[in-house]
Amino acid sequence: MKLYIDDANVSEIRRLVDLYPIDGVTTNPSILSKVKGDPIEVLKEIRAVLGEEKELFVQAIPTDAEGMVGDARAIVGLLGKNTIVKIPSVPEGFKAIRILKEEGIQTCGTVVYTPMQAYLAAKAGASYVAPYVNRIDNMGYDGIAVTEQIQDILTMHDLPCEVLAASFKNSQQVLTLCAYGIGSATCAPAVIDAFVKNLAIDGAVNDFLSDFAKIAGEGTTMADLIG
Ligand code: E4P
(Lines give C-alpha, C1' and ligand atoms only; values in the text may rest on other atoms or scores of the structure.)
Protein backbone atom coordinates (compact mmCIF):
# COMPACT_ATOMS: atom_id res chain seq x y z
CA MET A 1 0.00 0.00 0.00
CA LYS A 2 1.36 3.40 -0.97
CA LEU A 3 1.23 5.94 1.84
CA TYR A 4 0.64 9.66 1.33
CA ILE A 5 0.60 12.65 3.68
CA ASP A 6 -2.74 14.49 3.58
CA ASP A 7 -1.41 17.89 4.61
CA ALA A 8 0.30 21.03 3.31
CA ASN A 9 2.42 21.97 6.33
CA VAL A 10 5.92 21.97 4.83
CA SER A 11 7.81 21.34 8.08
CA GLU A 12 5.52 18.41 8.94
CA ILE A 13 5.95 17.01 5.42
CA ARG A 14 9.74 17.34 5.74
CA ARG A 15 9.69 15.51 9.11
CA LEU A 16 7.45 12.68 7.92
CA VAL A 17 9.29 12.16 4.61
CA ASP A 18 12.54 11.93 6.59
CA LEU A 19 11.16 9.27 8.96
CA TYR A 20 8.57 7.17 7.15
CA PRO A 21 8.44 5.39 3.76
CA ILE A 22 6.21 8.08 2.24
CA ASP A 23 5.13 8.02 -1.42
CA GLY A 24 3.89 11.58 -1.72
CA VAL A 25 1.54 14.32 -0.55
CA THR A 26 -2.13 14.96 -1.21
CA THR A 27 -3.72 18.38 -0.87
CA ASN A 28 -7.12 19.90 -1.42
CA PRO A 29 -8.35 23.52 -1.25
CA SER A 30 -9.31 23.17 2.45
CA ILE A 31 -5.91 21.72 3.35
CA LEU A 32 -4.18 24.60 1.53
CA SER A 33 -6.39 27.11 3.38
CA LYS A 34 -5.02 25.85 6.71
CA VAL A 35 -1.41 26.86 6.05
CA LYS A 36 -0.05 30.41 5.88
CA GLY A 37 1.23 31.86 2.65
CA ASP A 38 0.50 31.91 -1.03
CA PRO A 39 -0.83 28.45 -2.06
CA ILE A 40 1.34 28.35 -5.20
CA GLU A 41 4.50 29.04 -3.19
CA VAL A 42 3.43 26.37 -0.63
CA LEU A 43 2.93 23.81 -3.42
CA LYS A 44 6.33 24.67 -4.93
CA GLU A 45 7.95 24.19 -1.51
CA ILE A 46 6.20 20.83 -1.09
CA ARG A 47 7.45 19.74 -4.52
CA ALA A 48 10.99 20.77 -3.51
CA VAL A 49 10.77 18.63 -0.34
CA LEU A 50 9.37 15.65 -2.27
CA GLY A 51 11.82 15.84 -5.18
CA GLU A 52 10.75 14.83 -8.68
CA GLU A 53 9.88 11.18 -8.03
CA LYS A 54 7.30 11.29 -5.23
CA GLU A 55 3.73 12.12 -6.16
CA LEU A 56 1.98 15.41 -5.38
CA PHE A 57 -1.82 15.68 -5.67
CA VAL A 58 -3.36 19.10 -6.29
CA GLN A 59 -7.06 19.79 -6.83
CA ALA A 60 -8.53 21.74 -9.77
CA ILE A 61 -10.82 24.55 -8.62
CA PRO A 62 -13.32 25.33 -11.45
CA THR A 63 -16.67 23.55 -11.62
CA ASP A 64 -16.86 23.18 -15.43
CA ALA A 65 -14.82 20.67 -17.45
CA GLU A 66 -12.99 23.27 -19.55
CA GLY A 67 -11.96 25.16 -16.42
CA MET A 68 -10.81 21.96 -14.70
CA VAL A 69 -8.72 21.06 -17.75
CA GLY A 70 -7.18 24.57 -17.72
CA ASP A 71 -6.29 24.25 -14.03
CA ALA A 72 -4.85 20.77 -14.60
CA ARG A 73 -2.56 21.96 -17.39
CA ALA A 74 -1.38 24.88 -15.25
CA ILE A 75 -0.80 22.68 -12.16
CA VAL A 76 1.23 20.08 -14.07
CA GLY A 77 3.10 22.83 -15.96
CA LEU A 78 4.16 24.35 -12.63
CA LEU A 79 4.88 21.25 -10.55
CA GLY A 80 6.16 18.84 -13.18
CA LYS A 81 6.08 15.09 -13.50
CA ASN A 82 4.45 12.90 -10.86
CA THR A 83 1.88 15.61 -10.20
CA ILE A 84 -1.65 14.25 -10.18
CA VAL A 85 -4.66 16.52 -10.56
CA LYS A 86 -7.62 15.87 -8.29
CA ILE A 87 -10.93 16.29 -10.08
CA PRO A 88 -14.27 16.03 -8.23
CA SER A 89 -16.18 12.90 -9.31
CA VAL A 90 -19.18 14.75 -10.75
CA PRO A 91 -20.45 14.87 -14.37
CA GLU A 92 -18.24 17.82 -15.45
CA GLY A 93 -15.37 16.09 -13.70
CA PHE A 94 -15.82 12.85 -15.67
CA LYS A 95 -15.63 14.91 -18.88
CA ALA A 96 -12.46 16.65 -17.67
CA ILE A 97 -10.88 13.33 -16.66
CA ARG A 98 -11.50 11.93 -20.18
CA ILE A 99 -9.92 14.97 -21.87
CA LEU A 100 -6.93 14.94 -19.49
CA LYS A 101 -6.41 11.21 -20.03
CA GLU A 102 -6.07 11.87 -23.77
CA GLU A 103 -3.51 14.60 -22.99
CA GLY A 104 -1.51 12.27 -20.77
CA ILE A 105 -2.27 14.20 -17.56
CA GLN A 106 -2.88 11.88 -14.60
CA THR A 107 -5.99 12.48 -12.50
CA CYS A 108 -7.55 11.36 -9.25
CA GLY A 109 -11.34 11.23 -9.06
CA THR A 110 -11.91 12.84 -5.68
CA VAL A 111 -14.90 13.64 -3.42
CA VAL A 112 -15.98 10.00 -3.72
CA TYR A 113 -18.86 9.01 -1.43
CA THR A 114 -20.40 6.24 -3.56
CA PRO A 115 -19.03 3.27 -5.54
CA MET A 116 -20.69 4.46 -8.77
CA GLN A 117 -18.81 7.76 -8.60
CA ALA A 118 -15.57 5.79 -8.35
CA TYR A 119 -16.56 3.45 -11.17
CA LEU A 120 -17.38 6.35 -13.52
CA ALA A 121 -14.18 8.25 -12.68
CA ALA A 122 -12.10 5.11 -13.25
CA LYS A 123 -13.91 4.33 -16.51
CA ALA A 124 -13.33 7.92 -17.67
CA GLY A 125 -9.59 7.35 -17.22
CA ALA A 126 -8.66 8.44 -13.69
CA SER A 127 -5.44 6.90 -12.33
CA TYR A 128 -6.82 7.07 -8.78
CA VAL A 129 -10.18 7.36 -7.03
CA ALA A 130 -10.38 8.77 -3.52
CA PRO A 131 -13.22 7.55 -1.27
CA TYR A 132 -13.64 9.61 1.91
CA VAL A 133 -13.75 6.88 4.55
CA ASN A 134 -14.45 8.90 7.67
CA ARG A 135 -16.85 11.33 6.03
CA ILE A 136 -18.88 8.34 4.76
CA ASP A 137 -18.90 6.93 8.31
CA ASN A 138 -20.14 10.29 9.58
CA MET A 139 -23.10 10.10 7.17
CA GLY A 140 -24.18 6.87 8.86
CA TYR A 141 -22.79 4.53 6.18
CA ASP A 142 -19.76 2.24 6.35
CA GLY A 143 -16.73 3.98 4.81
CA ILE A 144 -14.58 0.85 4.98
CA ALA A 145 -17.24 -1.30 3.26
CA VAL A 146 -17.74 1.33 0.53
CA THR A 147 -13.99 1.49 -0.08
CA GLU A 148 -13.68 -2.31 -0.22
CA GLN A 149 -16.57 -2.45 -2.68
CA ILE A 150 -14.84 0.14 -4.87
CA GLN A 151 -11.66 -1.95 -4.82
CA ASP A 152 -13.68 -5.03 -5.82
CA ILE A 153 -15.39 -3.16 -8.68
CA LEU A 154 -12.08 -1.88 -10.08
CA THR A 155 -10.60 -5.38 -9.93
CA MET A 156 -13.69 -7.07 -11.37
CA HIS A 157 -13.88 -4.68 -14.33
CA ASP A 158 -10.11 -4.72 -14.84
CA LEU A 159 -9.92 -0.93 -14.64
CA PRO A 160 -6.34 0.41 -14.46
CA CYS A 161 -7.17 2.70 -11.53
CA GLU A 162 -5.98 2.58 -7.93
CA VAL A 163 -7.97 3.26 -4.77
CA LEU A 164 -6.50 6.17 -2.84
CA ALA A 165 -8.46 5.90 0.40
CA ALA A 166 -8.77 9.26 2.16
CA SER A 167 -10.36 11.01 5.13
CA PHE A 168 -9.11 8.80 7.96
CA LYS A 169 -9.52 9.60 11.61
CA ASN A 170 -7.65 6.66 13.14
CA SER A 171 -5.04 4.03 12.36
CA GLN A 172 -7.52 1.13 12.68
CA GLN A 173 -9.38 2.37 9.59
CA VAL A 174 -6.09 2.42 7.65
CA LEU A 175 -5.01 -1.01 8.93
CA THR A 176 -8.32 -2.59 7.89
CA LEU A 177 -7.94 -1.31 4.33
CA CYS A 178 -4.21 -2.17 4.24
CA ALA A 179 -5.11 -5.77 5.16
CA TYR A 180 -7.76 -5.75 2.40
CA GLY A 181 -5.07 -4.86 -0.15
CA ILE A 182 -6.10 -1.39 -1.29
CA GLY A 183 -3.45 0.39 -3.33
CA SER A 184 -2.98 3.65 -1.44
CA ALA A 185 -4.01 5.61 1.63
CA THR A 186 -3.57 9.27 2.46
CA CYS A 187 -3.49 10.28 6.10
CA ALA A 188 -3.04 13.39 8.23
CA PRO A 189 0.31 13.53 10.08
CA ALA A 190 -1.33 12.64 13.43
CA VAL A 191 -2.83 9.46 11.95
CA ILE A 192 0.55 8.43 10.47
CA ASP A 193 2.31 9.00 13.82
CA ALA A 194 -0.45 7.00 15.54
CA PHE A 195 0.55 3.88 13.52
CA VAL A 196 3.44 3.37 15.96
CA LYS A 197 2.27 5.37 18.99
CA ASN A 198 2.10 2.59 21.53
CA LEU A 199 3.39 2.32 25.10
CA ALA A 200 4.32 -1.34 24.55
CA ILE A 201 6.64 -0.39 21.66
CA ASP A 202 8.27 2.43 23.65
CA GLY A 203 8.63 0.11 26.67
CA ALA A 204 10.36 -2.61 24.65
CA VAL A 205 12.79 -0.14 23.07
CA ASN A 206 13.63 1.34 26.51
CA ASP A 207 14.14 -2.13 28.03
CA PHE A 208 16.68 -3.00 25.33
CA LEU A 209 18.52 0.29 25.99
CA SER A 210 18.70 -0.15 29.76
CA ASP A 211 19.74 -3.83 29.49
CA PHE A 212 22.58 -2.98 27.14
CA ALA A 213 23.66 -0.05 29.34
CA LYS A 214 24.13 -2.56 32.20
CA ILE A 215 26.82 -4.44 30.24
CA ALA A 216 28.35 -1.64 28.16
CA GLY A 217 27.65 1.62 29.98
CA GLU A 218 25.04 4.33 29.50
CA GLY A 219 24.82 5.56 25.89
CA THR A 220 27.39 3.09 24.53
CA THR A 221 26.59 1.78 21.05
CA MET A 222 27.73 -1.30 19.11
CA ALA A 223 29.87 1.00 16.92
CA ASP A 224 31.56 2.38 20.10
CA LEU A 225 32.41 -1.15 21.25
CA ILE A 226 33.57 -2.37 17.84
CA GLY A 227 35.76 0.72 17.40
C1 E4P B 1 -8.24 13.67 0.24
O2 E4P B 1 -8.30 13.40 -0.93
C3 E4P B 1 -9.37 14.32 0.91
O4 E4P B 1 -9.47 15.59 0.37
C5 E4P B 1 -9.18 14.37 2.39
O6 E4P B 1 -8.58 13.18 2.84
C7 E4P B 1 -10.45 14.64 3.15
O8 E4P B 1 -10.17 14.46 4.51
P9 E4P B 1 -11.12 15.08 5.66
O10 E4P B 1 -12.41 14.34 5.62
O11 E4P B 1 -10.35 14.85 6.92
O12 E4P B 1 -11.26 16.52 5.34
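What share of the contacts in the chain with a separation of 6 or more comes from residues 24 or more positions apart? Such residues account for 57% of these contacts, a contact being heavy atoms within 4.5 Å.

## Basis of the model

This is a predicted model, in which local features need pLDDT of at least 70 and side-chain atom pairs count only at pLDDT 80 or more, while totals for chains, interfaces and linings use all residues. Residues are numbered from 1 along each chain as its sequence is written, and side-chain values use heavy atoms, with hydrogens and water left out.

## Overall architecture

The chain contains 12 helices and eight strands; these are DSSP runs numbered from the N terminus (helices H or I, at least four residues; strands E, at least two). Its C-alpha atoms fill a box of roughly 70 × 40 × 30 Å along the principal axes. Of the 227 residues, 46% count as buried, that is, under 20% relative accessible area with a 1.4 Å probe, protein chains only.

## Helix α11

Helix α11 spans residues 199-216 and has 18 residues. From first to last C-alpha it reaches 25 Å, close to the 26 Å expected at 1.5 Å a residue, where the expected span is 1.5 Å times one less than the number of residues. At its start, a side-chain oxygen of N198 comes to within 2.8 Å of the backbone nitrogen of A200. G217, with a positive phi near 100°, follows the helix.

## Residue S184

S184 belongs to strand β8 (residues 184-187) and is buried, with a relative accessible area of 0%. Leaving aside neighbours within four places in sequence, the residues in contact with S184 include M1, Y4, Y128 and E162.

Notes
Buried < 20%, exposed > 50% of the residue type's maximum accessible area, 1.4 Å probe, protein only. Polar contact = N/O pair within 3.5 Å; in protein donor to acceptor, adjacent residues only side chain to side chain.
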